[in-house]
Amino acid sequence: MEHFFGQQWKDQGIYHLIKLFDRPLVMDRSLLAAALCFWSSATNTMNLRFGMMTPTVLDMAPLFGLSPLGVEVNVDLIAPEAEGSFKAAWPTVAKLAGSKAKNMLNYSSFNGNFGMEDNADDDSISPLGKVEHTAFLLYWLCKFVFYTQANKVTLEFTHLVDYLAQGGRLALGPFLLGHIYRTLHDVVTDGMKPKHGGPLWAFQFWLQAYFPELGRAVNIAETEPLANAFARAPKKHNASTSCYKFFYELPERTGSQFRVCLAQLYPLFLTQTSP
């Protein structure tokens with residue numbers, strides 16, 4: 001897919017978030033468990049000794065490369081049902097599959113039906129079908145970005161991926177942030193049970209950015225988001241009690257520690273000043 005659509009992804013600001021999942025992301029259960037003890041679902045903030053902290057829309061840019069600008073993601077977002085759109089193709093696919101249509105949404109079946117394979121004989125890439133790009137984006141959003149609890153592709157995001165596949169630029173930063181808040185609310189209000197889906201991985205990267213004392217040194221490039229650097233870094237295993245003690249006793253954050261994301265050089269618009 002990158003061979004055909006890499007430049008389009010870069011223009012849309014989703015390239016680095018797609019590449020983030022090239023390697024398995026390791027959940028830091030100790031860090032998350034301790035941090036969630038200080039999360040308030042009433043204010044969507046971590047309530048610490050010195051005050052409140054929370055992920056913001058602006059954090060989504062240096063962390064994941066997602067701009068706050070673009071077309072708003074909401075129920076009114078409708079992409080034209082152009083040839084190759086998944087929304088237009090799915091009714092026909094479901095009709096042909098009959099009773100097997102629902103099983104086609106399981107990740108393995110979905111990938112088998114819509115995935116693209118390289119040609120092992122001459123190392124060339126096979127031609128794309130009309131809906132493969134859209135199907136790839138849907139698979140990526142459901143399995144990796146929003147980690148849907150149903151453990152299968154959901155058609156909830158078809159209008160969104162159709163818009164992306166047609167080259168539209170979406171304000172995915174606020175959209176991801178809303179899902180982060182929703183996920184944290186669900187976990188905290190349901191007795192910290194780990195059964196919930198959602199982008200907990202994104203909250204973990206935010207914690208690693210703002211509380212580097214709990215991680216290891218990270219080599220941060222000027223041409224990629226923070227999360228991609230954190231994903232490559234060696235993992236530091238802290239006990240839950242150590243993480244909890246750190247948050248409980250944390251007396252303050254300096255101005256520079258509050259401006260971690262604003263100080264990054266990627267994306268470039270963070271370094272631009274208003275006239």
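Author: One term is needed at the start: a residue is called buried under 20% relative accessible area, exposed over 50% and partly exposed in between, computed with a 1.4 Å probe on protein chains only. The model is predicted, so local features need pLDDT of at least 70 and side-chain atom pairs pLDDT 80 or more, while totals for chains, interfaces and linings use all residues. Residues are numbered from 1 along each chain as its sequence is written, and side-chain values use heavy atoms, without hydrogens and water.

The charged pairs come first. A salt bridge is a side-chain nitrogen of Lys or Arg within 4 Å of a carboxyl oxygen of Asp or Glu. The count comes to four salt bridges. One of them joins Glu2 to Lys19, with the closest N and O atoms 3.0 Å apart. Glu2 belongs to helix 1 (residues 2-12) and Lys19 to helix 2 (residues 15-20), so this contact ties together parts that are 17 residues apart in sequence. Helices here are DSSP runs (H or I, at least four residues), numbered from the N terminus. Glu2 is partly exposed, at 35% relative accessibility, and Lys19 is also partly exposed, at 24%.

Another salt bridge is made by Arg253 and Glu213, whose closest N and O atoms are 2.3 Å apart. Arg253 is in the loop between helix 12 (240-249) and helix 13 (255-258), and Glu213 is in the loop between helix 10 (200-210) and helix 11 (226-232), so the pair ties together parts that are 40 residues apart in sequence. Here Arg253 is buried, with a relative accessible area of 8%, whereas Glu213 is partly exposed at 33%. Glu224 and Arg232 also meet in a salt bridge, 2.7 Å from N to O. Of these two, Glu224 is buried at 13% relative accessible area and Arg232 is partly exposed at 42%.

The aromatic side chains come next. Rings of Phe, Tyr and Trp (its six-membered ring) pair if their centres lie within 6.5 Å; planes under 30 degrees apart count as stacked, over 60 as edge-to-face and the rest as tilted. By this rule there are 25 aromatic pairs. Among them, Phe64 and Phe205 are edge-to-face, at 6.4 Å centre to centre and 65° between the planes. Phe64 is part of helix 4 (residues 60-64) and Phe205 part of helix 10, so their contact ties together parts that are 141 residues apart in sequence. Phe64 is buried at 1% relative accessibility, and Phe205 is buried with a relative accessible area of 5%. Trp206 and Phe211 have ring centres 6.1 Å apart and planes at 80°, so they are edge-to-face. Both Trp206 and Phe211 are buried. Ring pairs also link Trp206 and Phe211 into a cluster with Phe38, Trp39, Tyr181, Phe203, Tyr210, Tyr244, Phe246, Phe247 and Tyr248.

Notes:
Helix = DSSP H or I, 4+ residues; strand = E, 2+ residues; numbered from the N terminus.
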